[in-house]
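Open your viewer and get your selection tool ready.

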Amino acid sequence: MQQRHFGKILLGICVMFLLGSCSPFAKLQKSGSDDQKYKGALEYYAKRDWYRAGLLFEELIPVLKGSNESEMAQFYYAYTQFHQQQYLLSATLFKKFYETFARSDYAQEAMYMYAYSLYKDTPSFNLDQSNTLTATSALQDFINAYPDSKYKEDATKQILELRGKLERKAYEKALLYYKTSGFNIAAYKSAVVAINNFQKEFPDSEYNEELAFKKVDAEFRLAQNSLETKQKERYQEAISYHQAFVDKYPNSKYVKQSEKMYETSQKEIERLDKLEQEREKEREKHKNQPAKVTAAN
């Protein structure tokens with residue numbers, strides 16, 4: 001029974017193979033002339049059959065080199081890969097096109113599609129953003145090269161979207177340092193550095209209010225967990241961050257928490273100043289005492 005079932009499956013596969021080998025596309029690929037293949041490729045392209053059109057264009061490109069059809073074959077081939085979501089390959093092909101056919105009527109579109117292909121290949125914010133930086137640069141290069149292009153508005157929107165990914169990535173990085181600070185004092189420093197970098201790079205970000213408070217908190221906790229010799233400087237830094245925070249966000253929900261840290265920082269600085277004064281008095285006291293003379297035996 002099982003053998004009969006397997007035999008039916010095998011027969012079905014053979015029939016499909018034979019039908020496929022006799023299909024118009026297979027015949028065109030096997031025995032069609034270059035002109036017939038080019039015409040067929042255009043027809044498949046018009047039908048949005050990107051796979052078959054791509055196979056034919058790929059086969060034709062070396063053959064058509066130097067002919068009138070060569071330019072369009074390469075242009076359409078890049079699009080067949082783009083529509084099959086082979087974005088890195090389509091980016092390579094579009095880049096090669098506008099470099100090879102710099103004077104073509106399609107060079108501008110190809111340059112945009114190169115950048116757009118890179119944009120489509122960018123990962124989500126939580127992954128490595130190297131490709132995002134590359135795509136952003138390519139889109140900006142396109143805008144610089146063609147400031148009046150019909151693609152400029154789309155390219156600008158895509159740059160903003162990519163910057164949003166970079167912004168979210170930087171925010172999550174700063175937040176991660178902040179969250180792990182309780183386990184490692186070095187993370188407090190890293191959190192402050194990461195937040196400072198974020199504020200410089202994304203001055204208009206919606207995350208800046210939250211991060212400005214977290215910078216106060218991270219510096220305050222760093223001061224608390226530091227050696228006494230470094231505490232005063234770090235409490236002063238926390239006070240400075242607090243003042244900048246309340247100046248910019250006076251109505252923030254974090255203001256009360258920040259004020260408590262500010263008050264504690266002031267008290268700690270006063271305490272440390274008193275300790276230093278007492279130590280200075282002790283040093284002066286010992287300094288002014290006459291040296292003891294030991295009688296010789």
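Start by selecting Y171, A174, L175 and Y178 in helix 9, which meet E210, L211, K214, D217 and A218 in helix 11. Colour this contact by residue type: six of its residues are nonpolar, three are charged and none is polar. Keep in mind as you look around that this is a predicted model.

Now show the two helices whole, residues 152–179 for helix 9 and residues 208–224 for helix 11. How do they lie relative to each other? Their axes come within 11 Å and cross at roughly 25 degrees. Angles under 35 degrees count as roughly parallel, so helix 9 is roughly parallel to helix 11. The crossing of helix 9 past helix 11 is left-handed.

Next, pick helix 12, residues 228–248. Its 21 residues reach 31 Å from the first C-alpha to the last, close to the 30 Å expected at 1.5 Å a residue. Show the side chains of the buried residues in helix 12, among them Y235, Y241, H242 and F245.

Two loops come next. Select R48, in the loop between helix 3 (34–46) and helix 4 (50–64). Its phi is near 65 degrees, a positive value in a residue other than glycine. Is R48 buried or exposed? Its relative accessibility is 59%, so R48 counts as exposed.

Finally, jump to Q85, which sits in the loop between helix 5 (70–83) and helix 6 (87–100). Q85 is not a glycine, yet its phi is positive, near 65 degrees. With a relative accessible area of 56%, Q85 is exposed.

Technical notes
Residues are numbered from 1 along each chain as its sequence is written. This is a predicted model: local features need pLDDT of at least 70, side-chain atom pairs count only at pLDDT 80 or more; totals for chains, interfaces and linings use all residues. Side-chain values use heavy atoms; hydrogens and water are left out. Helices (H or I, at least four residues) and strands (E, at least two) are DSSP runs, numbered from the N terminus. The expected span of a helix is 1.5 Å times one less than its number of residues. Buried means under 20% relative accessible area, exposed over 50%, partly exposed in between (1.4 Å probe, protein chains only). Axes are lines fitted to C-alpha atoms, for helices over the stretch in contact, and angles run from 0 to 180 degrees between N-to-C directions. Angles under 35 degrees count as roughly parallel, over 145 as roughly antiparallel, 65 to 115 as roughly perpendicular and the rest as oblique. A crossing is left-handed if the near helix is turned anticlockwise from the far one by less than a right angle, and right-handed if clockwise. Contact means heavy atoms within 4.5 Å. Ala, Val, Leu, Ile, Met, Phe, Trp, Tyr, Cys and Pro count as nonpolar, Asp, Glu, Lys and Arg as charged, and the others, Gly among them, as polar.
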